[in-house]
Amino acid sequence: MNNSNLPITALDFDNIKESLKTYLRGQTTFKDYDFEGSGMNILLDLLAYNTHYQAFYANMVANETFLDSAISRSSVVSLSKHLGYVNRSIKASRVTLNINFGSGSQVVNLARQGLFITRGSAFATSINGETYTFLTLDDHRISPVNGQAVATNVTVYEGKLRTSTYVFNDNDPRNLFDIVHPNADIDTIRVRIQKSPSDTTGVLENWVRATDINNLDLDSRVFFVQEGANGRFQVYFGDGVIGRKPDHGNLIVIEYLTTVGELANGASTFSFLNTDIPITIEPTVTRALDPDGDNTVSYGGRLAEEIDSIKYYAPRNYQAQERAVTAEDYETLLAREYSDQADSFLVWGGEENDPPEYGRVFISMKPKNGTKISEQEKFSIEQTILGKRNLVSITPTVMNPDYIYIIPNITVYYDINKTNLSRSTLETLVRDKTLQFEEEQLLNFNRSFRSSRFSAFIDASYPAFNSTSTSFSLQKRLEPLLGRVLNYTVKFDNPIVHPVDGYPPVISSSAFGHQDLLSSATPKPTVTCYMEDDGYGILYIYKLVSGNKVIVRNNAGTVDYAAGTISLNNFNPLTVLPSSTNEINFSAQVSVNDIIARKNQIILFDRDNITVNMIQETFKTDRNQTGASINR
């Protein structure tokens, strides 16, 4: 048999070697050779190894030409460029500060004359013993306010300002200008172009980063950014058709911020380092309040975009084509431009809303810091990120998530013989694990709370824990418009306990100020009131007199126990107690063990109301019988 064809489909080493033997045995010259002999065996090994390596290399090269299968970052970045995608760089942590320079007449007079915290002004902070410097990227006016010199809402970014300069050479076909320092936040890049190194003409012209080529012409002063093969970013300019092209000999000045990224998140105390301001008083630096009324710590720092993220978003960004039509388009645009400030996004059309609102698209997002996005931030997203990209007939509406708070009562049975930790330490451990469960299993859209999963998580968290049982109620938080008579709907969207009519109250509220309708005084005084249900689906408002409930208003609303919905009719709270919260809390006992999140709901624990009960169990072996007895 003369087998002159060499099989090429088997690329495993052993199969390659066997194929070579089969091929050689079919040749007249090698018909009677001993292929297991040492000399011939070594030659076959070399041929098989070489073939195997070449096949592996060819396979890897082929893989690197497709975005789905590419492994090398340079390949993934290069392929994503074909789709018009610019991957995210490392991102600087930031925080918004208020700086108070005091109330002296000299200080206030200086502020009136026009005093600024200039770009590059520094603020120092420390996190876990490491010192970080935060800088201003814009000038901020120091203004006289109520007899004090203050600068408010000053946003500062962690890092160092860097500058790279180049001379534009029209004879260079590439004209790519490297960001030479690693860890550059490309969102902070600013470009200035002057006529020549000695002629500053044009230095004040504003060149901006281009994100959409559809509106560019030959006079558009824009620059583009891309990641190079070496992992560092590059700046380049238009060709004179799409974007203005610099002239030969122009001096290009590129300023940017280098940062440590997420390592600077969580800073809370800052000191002002700038000595250029002619004020000798040490200013007071405080953090501005977020929409929740809390002092926001530094946030938003992150590492450069990972390969898997580039693979996921690059084709979706290409599909969106800088316009928002489908829900996925909105999510892609927001993830690209706003992911440093929000953890997750949910988008749905107005036709899917309850009640339907045609001609709208709703975007709900969970911020990285706190639970709410300010009205100013919502407006900015609607107008700048989405307004120029969505269909003319569609109005984008940004809203905060609908939070459902779980108030848990956790009972953990533990074996005292398996631990030397105190009861209080074990309680702290359970609290910490509860918050860890929240972080890993909740805190996002479309994530429901499973009681059995939570119990198993606690049981597995420490060897001495034998079993866990949890009862809980739910809480919703309503932020009413004080002093206005309005209707409100509070949706738990999970069935509320109601076995029979006349059952004890299962709905309760926190304190609020309400007009005392029982008083004969004019005007009627404001008293501290509460709300609960009567067991028949009717809500009433009451006040406490010597510890007794006195109804101030009947028929304040209704309860749909099966749907888990509270409807408040003509509700007119005058104050909220405590006043710092701006919210009235409504609590409900539920009749299910699993809490389902619907639409834009996010489930989380009420961190101020986590109750932990530790119950000791002692296991003693009975010598007269098999098994163990339990003493509780």
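Buried, in this talk, means under 20% relative accessible area, exposed means over 50%, and partly exposed is in between, with a 1.4 Å probe and protein chains only. By that cut-off, Phe177 and Phe237 are both buried.

Some housekeeping. This is a predicted model, where local features need pLDDT of at least 70, side-chain atom pairs count only at pLDDT 80 or more, and totals for chains, interfaces and linings use all residues. Residues are numbered from 1 along each chain as its sequence is written, and side-chain values use heavy atoms, leaving out hydrogens and water.

Back to the rings. A pair of aromatic rings is described by the distance of the centres and the angle of the planes. Rings of Phe, Tyr and Trp (its six-membered ring) pair if their centres lie within 6.5 Å; planes under 30 degrees apart are stacked, over 60 edge-to-face, and the rest tilted. The structure holds 23 such aromatic pairs. In one of them, the centres of Tyr166 and Phe177 are 5.3 Å apart and the planes are at 50°, so this pair is tilted. Tyr166 belongs to strand S7 (residues 160-167) and Phe177 to strand S8 (residues 177-178), so parts eleven residues apart in sequence are tied together. Strands, E with at least two residues, and helices, H or I with at least four, are DSSP runs numbered from the N terminus.

Tyr166 is partly exposed at 22% relative accessibility, while Phe177 has a relative accessible area of 4%. Phe177 also pairs edge-to-face with Phe237, at 6.0 Å centre to centre and 65° between the planes. Phe237 sits in strand S12 (residues 233-237), so that pair ties together parts 60 residues apart in sequence.

Next, the helices. The axes of H8 (residues 423-441) and H9 (residues 451-459) come within 10 Å and cross at roughly 130°. Axes here are lines fitted to C-alpha atoms, for helices over the stretch in contact, with angles from 0 to 180 degrees between N-to-C directions. H8 is therefore oblique to H9; under 35 degrees would be roughly parallel, over 145 roughly antiparallel, and 65 to 115 roughly perpendicular.

Which residues of H9 meet H8? They are Arg453, Phe454, Phe457 and Ile458, where contact means heavy atoms within 4.5 Å. Phe437, Phe454 and Phe457 are also among the members of one aromatic cluster, which includes Phe605.

Last, Thr419, in the loop between strand S19 (402-415) and H8. Thr419 counts as buried, at 14% relative accessibility. Its C-alpha is 6.1 Å from that of Ala464, 45 residues away in sequence.
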